[in-house]
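Me: Hi! I have a structure open and would like to talk a few things through with you. Here it is.

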Amino acid sequence: MLPDGAHARESDWTMFFLNQKAPDESGKVAADGLPLLYVLNLVRTKHDKEVRRGAIVKAMAVCTRHRFIHIYQAILMLALENYYRAPTEDTLAELYKSANQMDLACMPQLSRHETTILRFSDDQNMFEERFMQLENERKLLDSLVRDSERLDLAQDSTLAEITAGDDTGAITRRGTVSDVSASRMRAPSTRNKDRRFFDTEIVYSGVKLPIRVPMTVYPEEIGDFSLIQLLTTFGGSLPATSGSKNTHPHLESSGQYTHPIILLMNGLLTQKRIIFLGHGKPAGEVANYVLAAVALGSGGGGVLRGFANRAFPYTNLTNLDTLLSFSGYIAGVTNPAFEEHPEWWDLLCNINMGKITVSPALLMPTGGGSGGGHAKSQTESLRRSLDSVSLSRNRSFSSREGKPDKWNNLDTDFIQDLMLAIERHYGEVAIRAKVENYVRHFMSLVPLYEYERDGLTRLGDPAHIAAAEKTGVDGYCISPGDKESREREIGFYQNRIEGFIGTQAYDNAVADYQSMHASSFIRGIDIAHMVYCLRNSTNLDVNEVEAIYKHLDEQVVTDEQVTELLASLPQSQGGLQPLAYGFYHPSLAIRLYTVRLFEKIEGNQAGARYVRSTNFFHQCAFSNLRHAFAC
């Protein structure tokens with residue numbers, strides 16, 4: 001709560017978490033236990049020559065289960081100012097009472113799929129009906145309360161009429177009715193609000209503080225950080241290595257030419273110890289880099305879990321023992337002493353210099369990484385694919401510059417896409433979506449690698465993966481071009497995958513897969529893969545396309561199943577565009593399946609908005625085909 005250098009600035013913010021679970025002797029983290037608590041702390045310094053040391057330093061913190069902890073900044077500033085004037089328990093009690101009286105009764109509880117739909121929606125009124133339902137229920141309840149109060153007041157006025165006469169009572173009744181009518185007329189309109197936020201307020205010391213609660217927060221998104229700031233700070237620096245002749249296989253996937261952001265991503269996914277050092281910078285700024293790194297490694301906050309449990313947005317030397325007890329911690333510090341001890345960290349991200357350094361004390365993985373013990377069980381197909389990629393790597397170096405060609409470095413497109421989007425001033429949500437797609441694609445390779453290496457996987461259905469070698473089986477189709485691309489990518493990411501297997505994020509991904517598989521409304525087909533094929537594959541034959549549309553038509557029936565399908569079709573990435581191509585397919589069966597699927601989507605509240613937002617020509621094709629099939 002009192003960061004280093006707090007006396008040198010008027011105010012500073014820090015964040016830390018409670019109930020973090022340290023790994024046991026085997027390196028595993030218990031799945032049960034208390035949930036994480038998120039703490040937002042404000043420290044202020046008021047200079048006063050008459051007091052000892054010439055200043056008064058006080059800090060105050062708010063602890064909550066809400067990940068959108070930044071909404072409490074305003075009330076914390078007012079409360080700390082009041083505490084300077086009246087340093088009593090009553091001041092803290094008033095803060096506690098005001099924060100807990102924030103009205104969230106009309107905020108709908110969205111499912112994971114609904115959150116994804118709203119997060120990437122072009123329509124700010126998405127799920128308007130859910131909000132209006134709760135708001136109307138609140139209005140009805142308030143109306144009943146007012147009517148009850150008016151009835152009580154009318155009874156009191158009747159008794160007053162007996163003693164004071166009818167005229168006084170009439171005036172009282174008229175005043176009561178007019179007051180109620182005026183209050184109803186003053187009721188604010190709830191239309192045309194941005195439903196990606198829930199608007200409420202906190203009343204503290206008679207001051208109404210407007211609060212906007214974000215509705216689309218992912219599990220690993222904490223506070224109000226900037227991923228763009230992280231990418232721009234380290235995205236333009238030169239790759240840094242440990243100075244050793246040997247590159248670390250988990251981190252430097254492209255050798256000495258590994259991009260710094262990829263170096264950081266590799267460190268996050270393979271659970272390396274990462275320090276963000278900001279000497280002389282406010283602790284709050286350093287903490288934002290740590291929170292952004294948590295979002296980066298977790299795929300925009302929505303693909304992987306477990307990064308927040310080992311994150312320390314701000315820490316110092318007094319917490320060193322606790323820090324070192326966490327394998328793969330992500331910590332923010334301002335003390336330059338950490339840089340002088342490379343045995344404490346694996347990656348050092350110097351914020352002032354925009355430079356990432358690999359620790360010279362980092363040991364090489366034994367046996368080829370976390371999964372090296374099973375290396376002998378790799379199948380012949382994987383060996384051939386890896387040998388092919390290795391040969392391609394050797395041939396792809398430019399004789400003029402000595403750098404890998406763009407084709408070989410599979411991360412190049414990702415980095416270029418990110419930096420181009422930042423140059424074009426894309427927003428935070430768009431940048432995080434690109435990171436989410438990148439990590440999600442990487443996660444799709446992990447079960448394939450495990451299956452080819454061991455013949456089984458904990459992150460997928462082996463039957464689906466086996467069927468992927470064929471086409472048109474169980475709706476899980478991979479064309480020959482996709483298979484070649486898959487083998488090349490598995491070969492490129494082999495070291496990262498081996499380093500990822502066995503980490504806390506991997507164990508959580510296994511648990512999430514099992515939970516998702518049990519709670520999913522759509523069974524037996526891979527929706528995400530089907531959408532990927534329709535969006536990106538160019539060599540699917542008619543039978544494969546028909547199989548996809550047929551399975552979608554058969555499996556997507558209920559309202560919950562439509563919502564799950566829409567979550568795989570974010571509006572920011574074209575919405576229903578991949579499905580709408582079926583309107584123009586030469587096959588009559590595919591056109592019929594497409595119309596029937598769109599009719600089900602249109603019957604869903606969110607789906608109706610999806611259909612209305614599609615291209616005008618798609619809407620005309622849908623209308624004409626529906627009429628033709630009806631006739």
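Predicted model: local features only at pLDDT ≥ 70, side-chain atom pairs only at ≥ 80, totals over all residues.

Me: Which residues line it?
Reply: The lining is made up of Lys 21, Pro 23, Gly 27, Val 29, Gln 271, Asn 309, Arg 310, Phe 326, Ser 327 and Gln 504.

Me: And how much space lies in the largest cavity?
Reply: About 40 Å³. The structure has one cavity of 30 Å³ or more.

Me: Switching topic: where is Gly 299 found?
Reply: Gly 299 sits in the loop that runs between helix 8 (283–297) and strand 7 (311–312).

Me: Buried or exposed, that Gly 299?
Reply: Buried, because its relative accessibility is 0%, and the cut-off for buried is under 20%.

Me: What is Gly 299 in contact with, leaving aside neighbours within four places in sequence?
Reply: Val 435, Glu 436 and Val 439. Glu 436 is 137 residues away from Gly 299 in sequence, yet their C-alpha atoms are 4.1 Å apart in space.

Me: How does Cys 63 count in terms of accessibility?
Reply: Cys 63 counts as partly exposed, because its relative accessibility is 42%.

Me: And what about Cys 620?
Reply: Cys 620 has 27% relative accessibility, so it counts as partly exposed.

How values were computed
Residues numbered from 1 in each chain as written. Heavy atoms only, no water. Helix = DSSP H or I, 4+ residues; strand = E, 2+ residues; numbered from the N terminus. Buried < 20%, exposed > 50% of the residue type's maximum accessible area, 1.4 Å probe, protein only. Contact = heavy atoms within 4.5 Å. 1 Å grid on protein atoms, 1.4 Å probe; cavity = no way out; pocket = protein on both sides within 12 Å on 5 of 7 lines; lining within 4 Å. Points joined across faces, edges and corners; volume = space filled by probe spheres on them.
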